[in-house]
Amino acid sequence: MKKLLSALLIAACGFNSVQAATILVGTDAGYAPYEFKGPKTNEIVGFDMDLINAIAKATGNEAKIQNMQFAGIIPALQTNMIDVTAAGMTITEERKKQVAFSDPYYDVGGLIMAVQTKNADKYKTLDDLVGKRICAQIGSTGALLAKEVKDSKLVAFDQTGEAFMELNMGGCEAVLVDRSVTEYYLAHRKVTGVTLVPHLYTH
C-alpha cells in the first residue's frame, strides 16, 4: 500500500533568489491541522505554514500566503501566479508530470472512508460503494479514488467540512479523505454518528 505523502510544490524560481524576496505561497486553508484559519486571529496557520515560513526565513526571504481553492493550486503554479505551494498534496505520477515536488516530508496517515455509524457494517471497503454517491474535496486524492469506483457518483466540494455536512444530511454514502485531517475535524467539530473505515489508499 502506497503512503500519502505531503510535499512542497515548487515553481521554477524556487527559493534561490540572490537577494531577499517575497515568495508567493499558495495554499487551501481548509485542511487542518496543516493549513487553516486560526479561530481567534483569522490568520492562516498550521504545520505546513510553520514549515514554509521557516524555510523562507532560513533563505532570507519572506513568505506571503495566499488562500485559494485546492483544485486551483497547480494551475496557479503553472501560470506563475504563485511561486510555491504548501498544501498537504499527495505525490502522484500524474502530478509529477505537471509540477516539481520537494522530497516528501510527512505521512498524513493514509486515506480512509467516513460513513454514518448506522451504515458501519454496510460499507467496509470501496467495493461496497459501487453505484453509490461519494463525497470528497475537489481535486483531492479522495476525489481521484472515488472516480475509480464503478458506477459511483462523485459529489465534490471546495472544503472537507462541506463533504461531512453532506454526509450528515444523507446526501452521500461516504466521505473519502486523509486520516489525520478527518480525525482532527471530528475531534474539534464534535461530530457524532460517524465511523471511520481505514485501509483505502491503493492508488
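A residue is called buried when its relative accessible area is under 20%, exposed when it is over 50%, and partly exposed in between (1.4 Å probe, protein chains only). Under this definition Y31, with a relative accessible area of 7%, is buried. The structure is a predicted model, in which local features need pLDDT of at least 70 and side-chain atom pairs count only at pLDDT 80 or more, while totals for chains, interfaces and linings use all residues. Residues are numbered from 1 along each chain as its sequence is written, and side-chain values use heavy atoms, with hydrogens and water left out.

The chain contains six helices and 14 strands; helices (H or I, at least four residues) and strands (E, at least two) are DSSP runs, numbered from the N terminus. Of its 203 residues, 47% count as buried. Contact is defined as heavy atoms within 4.5 Å. Among contacts between residues at least 6 apart in sequence, 67% join residues at least 24 apart. The accessible surface of the chain is about 10300 Å², and 52% of this belongs to carbon and sulfur atoms. Accessible areas come from the Shrake-Rupley method with a 1.4 Å probe, and for residues only the protein chains shown count as cover.

Seven aromatic pairs are present in the structure. Rings of Phe, Tyr and Trp (its six-membered ring) pair if their centres lie within 6.5 Å; planes under 30 degrees apart count as stacked, over 60 as edge-to-face and the rest as tilted. Y31 and Y34 form a tilted pair, 5.7 Å centre to centre with 35 degrees between the planes. Y34 is buried, with a relative accessible area of 2%. The rings of F164 and Y185 have their centres 4.9 Å apart and their planes at 15 degrees, so this pair is stacked. F164 lies in helix α5 (residues 160-168) and Y185 in helix α6 (residues 179-189), so the pair ties together parts that are 21 residues apart in sequence. Both F164 and Y185 are buried. Elsewhere, ring pairs link Y31, Y34, F47, Y105 and Y106 into a cluster.

The structure holds one disulfide, a term for a pair of cysteine sulfur atoms within 2.5 Å. This bond is formed by C135 and C172, whose sulfur atoms are 2.2 Å apart. The link is left-handed, with -115 degrees about the S-S bond. It connects distant parts of the chain, as C135 is in strand β11 (residues 133-137) and C172 is in the loop between α5 and β13 (174-178), 37 residues away. C135 and C172 are both buried.

In α5, the buried residues are T160, G161, A163, F164, E166 and L167. Their cover includes β10 (111-116), β11, β12 (153-157), β13, α6 and β14 (194-197). Just after α5, G170 has a positive phi of about 80 degrees. In α6, S180, V181, T182, Y185 and L186 are buried, and the buried residues of this helix pack against β3, β10, α5, β13 and β14.

The loop between α6 and β14 includes G193, which counts as partly exposed at 40% relative accessibility. Leaving aside its neighbours within four places in sequence, G193 is in contact with V115, Q116 and T117. G193 and N168 are 25 residues apart in sequence and 8.3 Å apart in space, C-alpha to C-alpha.

Grid points are joined across faces, edges and corners, and a volume is the space filled by probe spheres set on the points. The largest pocket has a volume of about 360 Å³. It is lined by 16 residues, of which G30, A32, F36, Y185 and R189 are the closest to its centre. Two or more lining residues each come from β3 (30-31), β4 (35-37), α5 and α6, and α6 gives the most, with five residues.

One cavity of 30 Å³ or more is found in the whole structure. About 150 Å³ of space lies in the largest cavity. Of the 17 residues that line the largest cavity, Y31, Q137, S140, T141 and D178 lie nearest its centre. The elements that give two or more residues to this lining are β7 (84-90), β11, α4 (141-146) and β13.

Technical notes
On a 1 Å grid over the protein atoms alone, a cavity is a set of points where a 1.4 Å probe fits but cannot get out, and a pocket is an open set with protein on both sides within 12 Å along at least five of seven lines; lining residues have an atom within 4 Å of a point.
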